[in-house]
Amino acid sequence: MAGVARTVQCVQPNDFLAVWQGLDDAQHDDVLCVQTKPTTYRALAGELFHAEALRRGVVGLVVDGPVRDSQAIRQHQQQQQQQQQSSSGGAGGAACWCFAKSITPYAGTTNALGNLQVPITICGGDNLNIRTNTTNNGITNIYPNHTILVGDDDGLLAFSAAATTVTTTTATAVVDDHHHHHPTTTIITTRNEILWDTLERIVTKAQDIQANEAWVRANLQSQHNHPHQSLHSFTNYHQHVQALKQQQQQQQEQQQQDDNNDDNKGTKPEKIKNNSLLTIFVESIYS
């Protein structure tokens, strides 16, 4: 893997709407680098994001936090490498690598707009462990359109195009079979009938999600049939982002109005609710 950093900064723990935003802007040969909040424990990327990154020509995902669907990501990467190797006469070729701090079956939320193309820091951990000089206390600074990242099974190198010092990163690429985890569901209840009813609904919902994602994945991989369709086009992503931006604007206007009103000083402004949810267009799947 070798490419230039495109940065994403998540502003809330466990929320990966910022990754959607970064992926929407991603270009060929980008390495999408994601800074998470320290308390993040849910996945910020998975199989569909990796498939979309492949479609866009993104060469790497570097997530300072958890990802999921590790087996599918490995398969995507291996298939792409085999195709590139066949087309290049055995010389091998580009694929979309995925480096992450950890792996989990649990997906995050999509409620908070993030910051794009800003300087970020990756603090490392057991699997995404930054090893560099002693002056930065194990923190790697990533600058958009400036930091170059090179990586393989052994880890990552991050360095400035104009710098002479190379920062060495050891990371766990999502290619190791022993990192695959099976999802588990824990339900706490005092009534067995509620437990089984809830479990049945969860399983049914999970099966629906699997079917929907399989349909999207098949379309992303069949670009000769759908050459202009992206992952975002199968969702309400743009409407969802617009709704969140409108909510932010309304909150800012309300805050300014409250600040200008002496009678309301010291009172907590009413929170503006937003019912927008990021979803796949399920109705188009079965039509």
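Contact here means heavy atoms within 4.5 Å.

## Model and overall make-up

This is a predicted model, in which local features need pLDDT of at least 70, side-chain atom pairs count only at pLDDT 80 or more, and totals for chains, interfaces and linings use all residues. Residues are numbered from 1 along each chain as its sequence is written, and side-chain values use heavy atoms, with hydrogens and water left out.

The protein chain has six helices and 11 strands. Both are DSSP runs, numbered from the N terminus: helices are H or I with at least four residues, strands are E with at least two. Of the 287 residues, 39% count as buried. Buried means under 20% relative accessible area, exposed means over 50%, and partly exposed lies in between (1.4 Å probe, protein chains only). Among contacts in the chain with a separation of 6 or more, 74% join residues 24 or more positions apart.

## Helix α1 and its cover

Helix α1 is mostly covered, with seven of its nine residues buried. Those buried are Leu17, Ala18, Val19, Trp20, Gln21, Gly22 and Leu23. The cover includes β1 (2-9), β2, α2, β5 (115-116) and α5.

Leu17 shows what such cover looks like in detail. Leaving aside neighbours within four places in sequence, Leu17 is in contact with Thr109, Thr110, Asn111, Ala112, Leu113, Tyr237, His240, Val241, Leu244 and Leu278. Thr110 counts as buried, at 13% relative accessibility. Not counting residues up to four places away in sequence, Thr110 touches Asp15, Phe16, Leu17, Trp20, His240 and Leu278.

## How α1 meets α2

Two packed helices are described by the angle between their axes and the distance between the axes. The axes of α1 (residues 17-25) and α2 (residues 47-56) come within 10 Å and cross at roughly 15°. Axes are lines fitted to C-alpha atoms, for helices over the stretch in contact, and angles run from 0 to 180 degrees between N-to-C directions. The two helices are therefore roughly parallel to each other. That label covers angles under 35 degrees; over 145 counts as roughly antiparallel, 65 to 115 as roughly perpendicular, and the rest as oblique.

α1 passes α2 in a left-handed crossing. A crossing is left-handed if the near helix is turned anticlockwise from the far one by less than a right angle, and right-handed if clockwise. From α1, the contact is made by Val19, Trp20, Leu23 and Asp24; from α2, by Phe49, Glu52, Ala53 and Arg56. These residues divide into five nonpolar, no polar and three charged. Ala, Val, Leu, Ile, Met, Phe, Trp, Tyr, Cys and Pro count as nonpolar, Asp, Glu, Lys and Arg as charged, and the others, Gly among them, as polar.

## The nonpolar cores

A nonpolar core is a set of buried Ala, Val, Leu, Ile, Met, Phe, Trp, Tyr and Cys residues joined through side-chain atoms within 4.5 Å. The largest has 34 residues, and Leu17, Val19, Trp20, Val34, Leu44, Phe49 and Leu231 touch the most other members. At least two residues of this core come from each of α1, β2 (30-35), α2, β3 (60-67), β4 (97-103), α4 (192-221) and α5 (237-260). The largest share, five residues, is from α1. Apart from this core lies another, of 14 residues, among them Met1, Phe99, Ile122 and Ala158.

Phe49 is found in helix α2. Phe49 is buried, with a relative accessible area of 7%. Beyond residues up to four places away in sequence, Phe49 touches Phe16, Val19, Trp20, Leu23, Leu44 and Leu231.

Ile73 lies in helix α3 (residues 70-87). At 1% relative accessibility, Ile73 counts as buried. Phe49 and Ile73 are 24 residues apart along the chain, and their C-alpha atoms are separated by 9.4 Å. For Ile73 and Gly46, 27 residues apart, the C-alpha separation is 7.4 Å.

## Two loop asparagines

Asn14 sits in the loop between β1 and α1. Its phi is near 70°, a positive value in a residue other than glycine. Asn14 counts as buried, at 11% relative accessibility.

Asn145 is placed in the loop between β8 (140-142) and β9 (147-152). Asn145 also has a positive phi, about 60°, although it is not a glycine. At 57% relative accessibility, Asn145 counts as exposed.
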